[in-house]
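Please read it alongside the display below.

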Amino acid sequence: MKKIRELFKKMKNNRKLRCGGFSAVLTVGVVICALLVGALADGLEKRFALQADLSFNGATTQGAVTKAALAQLDKNVHLYALAPASGGDETLLSLLDRYSAASDRVTVSRENLVRNPVLQSQFSDGLGENQVTEECLIVSCPETGRARILTAEDYVLYSYNMDTGYFDEVSYSYEKSVTEAILYVTQDDVPAVQILSGHGEKSESEIEAMTDTLISANYQVKWVNLAAGEALDPQSPLMILCPKYDLAERELNQLMDFARAGGDFFIVSQYSDPRNLDHFQAFLRAWGIESYPGMVIAKEEDTGSYYADSPVILMPYMQETDATRPLIAGGEDILLLTAARAFKLPDREPEGVMLSPVLMTGEAYIRNYEDGLNVTQQQPGDEEGRFCVALWSDKMLEDGTVSHAFVLGDMTMFLNYWMQGSTSSTAFLLQMVRSLQGQEPLNLDIVPITAQRETLALGNITPAVIVTVMLPLLVLLGALLVLWPRKNL
């Protein structure tokens, strides 16, 4: 014990050890203080989003529309940001921190399916299949029980590059997609679209691209089976997509009751669909709709009315109606119809019905195949002219209620992702549904930000760029001013 006391006494009297110990303690103290200050700053930044966005496109900056939307929230929203343990979309994660900082109603957690696998079965946004993936954003409102699941496809907009043959990123819509999803899950009532089932119509997997488009536009998609006793909602348009089997008489009466209550119809009847469905054909005739037997094919000499060298792939001419006028004005009138069915325009409309052609072919003919020849070339007796391949019908019912029906001769353009990206099919689908619905879906005026960095020039140097460049130079200059007088030491 005596030796230990003598050792401490020597250490205390040792000047080098005493100064060195003080330096060590001071160093440890400075490090601890720096860590505490860093942790505090990090917590404050996440809570109040204090970090400045100096990116060239302001990817994590919130605009006035988002700030106003968050200020009016009356329900709690939780955002589950799913990402692999080793990374994630840093732009999205930084933006989400700003959402939680801007509103006490919004909370954010970063999740991983390995640690929290229950998320994969807990949430669905109505697509019919499990959409929770390793990298996605789940926007959930416990009060409404509604959720939206966003993936990279919802944030990144692509454009086809003719030179490279690839799709290039052209803009990002992080803010628009997230803000619309928050408003969608918190609304008490949202626009919905009903899809009839039970008659061999297009299946959920076949029309996944179409329902994905509708849900991305903030519609609810509901499947209705009348034979199973499910009821129709007159406030939401009903889609009848290529039935292969006939309606029962009771179902026909239900559709007419739906129309009398003000219900509207979105109908697709393709060339390959059967025409001997008596009740379904009677339903169409009630709206003045009657189809041609066979496929409408463009005449080869009318090269502007079909795609490339395929006369069966029509490029129809959009007619000006109340529904199509916004599309024509915006230049969104390029569509492709493959092996389409045409509809007759009667010389005299049925009583109480007003028909308007929506899409017309160029010079074409009807190949009805009743002669048994399995060819696409025009044959003697094939009817020729310009044909209607999409039709709008307004029908006044006995009590004065008006029911609207839109009928289309092909739906390939809604099922093909390439056509969605290369034509106006998405805008056309949403505009027709919107015209039937009578209720606007969520579509915030938030402009996507560019994904292409501009070439640096004096004209586009911003103050943020100047600060970013000048700050290191000022630090270097300060170091030189301090060290230069000591260069000989």
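Is Asn218 buried or exposed? Asn218 is buried, given its relative accessible area of 2%, where buried means under 20% relative accessible area, exposed over 50% and partly exposed in between, for a 1.4 Å probe and protein chains only. The model is predicted, so that local features need pLDDT of at least 70 and side-chain atom pairs count only at pLDDT 80 or more, while totals for chains, interfaces and linings use all residues. Residues are numbered from 1 along each chain as its sequence is written, and side-chain values use heavy atoms, with hydrogens and water left out.

Asn218 is found in the loop between helix 8 and strand 8, helices (H or I, at least four residues) and strands (E, at least two) being DSSP runs numbered from the N terminus.

| Residue | Phi | Relative accessible area |
|---|---|---|
| Asn218 | about 70° | 2% |
| Ala308 | about 50° | 58% |

Ala308, which lies in the loop between strand 12 (306–307) and strand 13 (310–314), is exposed.

Strand 7 (residues 192–196) and strand 8 (residues 220–224) run parallel and are joined by 5 bridges, pairing being assigned if DSSP finds at least two bridges between two strands. Within this pair, Ala192 stands opposite Gln220.

Helix 8 (residues 208–216) also meets helix 14 (residues 425–437), their axes coming within 11 Å and crossing at roughly 65°; axes are lines fitted to C-alpha atoms, for helices over the stretch in contact, and angles run from 0 to 180 degrees between N-to-C directions. Met210, Thr213 and Leu214 of helix 8 make the contact with Thr426, Leu429, Leu430 and Val433 of helix 14, contact meaning heavy atoms within 4.5 Å.

Elsewhere, Ile267 lies in strand 10 (residues 265–268) and is buried, with a relative accessible area of 0%. Not counting residues up to four places away in sequence, Ile267 touches residues including Ile240, Phe280 and Val407. From C-alpha to C-alpha, Ile267 and Ala390 are 9.8 Å apart in space, although 123 residues apart in sequence.
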